[in-house]
Amino acid sequence: MTAQELRLCGLLLREHFGEVVAKVGTHLLRSGAQNLRTIIHETGISLDLVKKSLCVLVQHGACVFSSGCKGPGSPTEYRTSCDRILRILRYPRYIYTAKTLYGDTGELIIEELLQRGDMTMSSTVKTVADRLTQNMEEGRSMEYNEVSSTFSNLVETHFLQRCPPMGGKNDSATPAAPATPTPGASAAPVSTDLPTPESFPDCYKVPHVTLIGRGKRQLSSEDGEDQRNAKKAKMDTETHGDEGIYWQVNFERFHLHFRDQAIISAVANKLDQTSSEIVRTMLRMSEVTTSPTATCTKPLSANEIFRSLPSSYNIPRPILDQYLTLLVDDPMEFVGKAGESGGGMYVVNLHRALANLARATLESVVQERFGSRSARIFRLLLRKRHLEQKQVEDFAMVPAKEAKDMLYTLLSENLVQLQEIPKTPDYAPSRTFYLYTVNQLPTARMLLQNCYKTVANLIERRLFETKESKRLLEKSQRIEAILASLQASGAEPEQLTEVEEMITAPEKQQLEALRLHINKLDSAENQVDETIFLLESYVKSTTTG
């Protein structure tokens with residue numbers, strides 16, 4: 001874990017869970033696995049706060065616990081996961097994807113699970129139904145059955161999964177408890193190799209939940225406080241058949257969806273929409289049979305692809321064969337041919353597609369930072385692998401002086417490497433070849449660290465902007481709350497106008513400028529995260545391959 005990752009993790013924890021959790025989380029990231037007593041001693045935080053912080057981190061899957069290094073009976077040790085904390089950055093994208101695929105109901109289900117870490121199905125359905133009902137017209141409400149159906153669809157497509165049982169038992173009769181231990185001095189009987197959700201046989205099995213009814217509106221009057229408390233106590237005692245079965249978001253499934261969308265988008269930009277639809281069909285057909293770490297999909301025959309294409313496209317079989325040949329012959333090699341049976345067997349080259357997308361990202365960065373001529377030299381070195389300076393000048397058609405300056409600039413930024421090949425053992429400069437080259441994987445790793453640094457800077461800037469205008473934002477929120485209360489009670493228009501005028505015109509301009517600036521920073525964070533995801537996927541695919 002690098003310093004940039006540690007800094008970004010600290011900022012994400014502080015923004016979402018507060019200063020204390022951030023301090024405990026970053027301390028564990030920096031120090032590795034530690035027991036409760038050591039954490040308290042080294043952080044200087046009270047026992048109660050450390051316990052609560054660990055519970056929060058474990059609840060959200062950012063921390064795991066196991067028996068100490070001395071074996072059973074030794075104090076439980078806690079360790080945090082940098083990768084899991086960095087996923088917080090992608091929360092808006094997970095929620096937006098759920099909204100795109102499953103509408104408002106899917107969006108709220110994913111949002112609730114991300115906010116709380118894990119929940120039972122019945123609790124999630126009730127909460128989401130109540131929230132949807134709150135935004136509906138008076139007299140309308142959301143049925144529990146509709147929300148349950150969307151929840152089941154999310155499980156069937158593996159976007160949701162059960163939390164693994166804590167005992168490591170794969171017994172279907174034992175319900176999965178939430179991954180939240182009570183931090184203490186003695187170790188729980190937990191194996192060092194914690195079970196993954198996929199190792200649990202009922203990981204994607206939806207329990208039979210007895211939920212009948214509709215979402216309820218929140219009581220806005222103060223007089224209804226006692227009624228709300230009584231109803232809440234009654235709800236807590238109700239049983240629905242899924243007690244102890246907790247669900248969480250399957251981030252890896254979302255990442256596979258993002259990867260597939262990136263490949264489809266690249267094919268559409270390189271060729272056309274029909275080609276991208278063919279690749280989309282191939283990815284959809286093989287998403288269940290292909291391992292997440294596979295370098296390519298399972299072979300599919302042209303006949304199978306033809307039968308599975310959407311009927312709205314009306315692509316004749318000869319045209320499909322031409323498109324498949326075009327995709328196979330394309331230099332980007334998104335699609336490969338694996339055999340001749342069934343009209344031809346075709347695969348989607350997942351690793352090669354990610355490598356080409358990462359390569360295009362590197363070329364784009366060089367072009368934006370150093371200009372089109374430097375990008376031409378960079379592309380040339382990627383294609384030719386090893387070239388002398390004179391060869392670079394000739395192939396890139398760039399004057400010698402400019403080529404020399406550009407190469408040295410790229411070399412100083414570690415985007416280009418210099419390899420020495422001596423003719424004699426003494427490494428004399430006059431008898432040594434100096435070859436320029438680009439190592440794509442180390443360069444991608446370096447750019448990934450720059451992206452982490454960029455996101456951390458964007459978050460710090462946003463927090464600074466918000467802090468500077470804290471008084472004005474609080475005033476705006478108070479006035480909005482007063483207006484909402486007056487509107488609910490049916491106040492006169494004159495009263496509403498009088499309250500609105502409590503914010504002066506210069507303050508309104510300042511608020512508008514602040515909101516615009518923060519929206520730009522948020523948008524920049526999401527755009528950089530797309531680059532981070534692409535580079536992370538490429539690095540992971542290369543290292544596992």
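**Reading salt bridges in a predicted model**

Trainee: Arg131 is partly exposed, with a relative accessible area of 29%. What does "partly exposed" mean here?

Mentor: Buried means under 20% relative accessible area, exposed means over 50%, and partly exposed lies in between (1.4 Å probe, protein chains only). This is a predicted model, in which local features need pLDDT of at least 70 and side-chain atom pairs count only at pLDDT 80 or more, whereas totals for chains, interfaces and linings use all residues. Residues are numbered from 1 along each chain as its sequence is written, and side-chain values use heavy atoms, with hydrogens and water left out.

Trainee: With which residue does Arg131 form a salt bridge?

Mentor: A salt bridge requires a side-chain nitrogen of Lys or Arg within 4 Å of a carboxyl oxygen of Asp or Glu. The partner of Arg131 is Glu111, with the closest N and O atoms 3.2 Å apart. The pair links distant parts of the chain, from helix H6 (residues 91-116) to helix H7 (residues 121-134), 20 residues apart. Helices (H or I, at least four residues) and strands (E, at least two) are DSSP runs, numbered from the N terminus.

Trainee: Is Glu111 buried or exposed?

Mentor: Glu111 is buried, at a relative accessible area of 17%.

Trainee: How many salt bridges does a search of the whole structure find?

Mentor: The search finds 30. Among them, Arg515 meets Glu480 at 3.7 Å, N to O. This pair connects helix H21 (residues 505-544) with helix H19 (residues 470-488), 35 residues apart. Salt bridges with shared partners also join Glu15, Arg462, Asp522 and Glu525 into one network.
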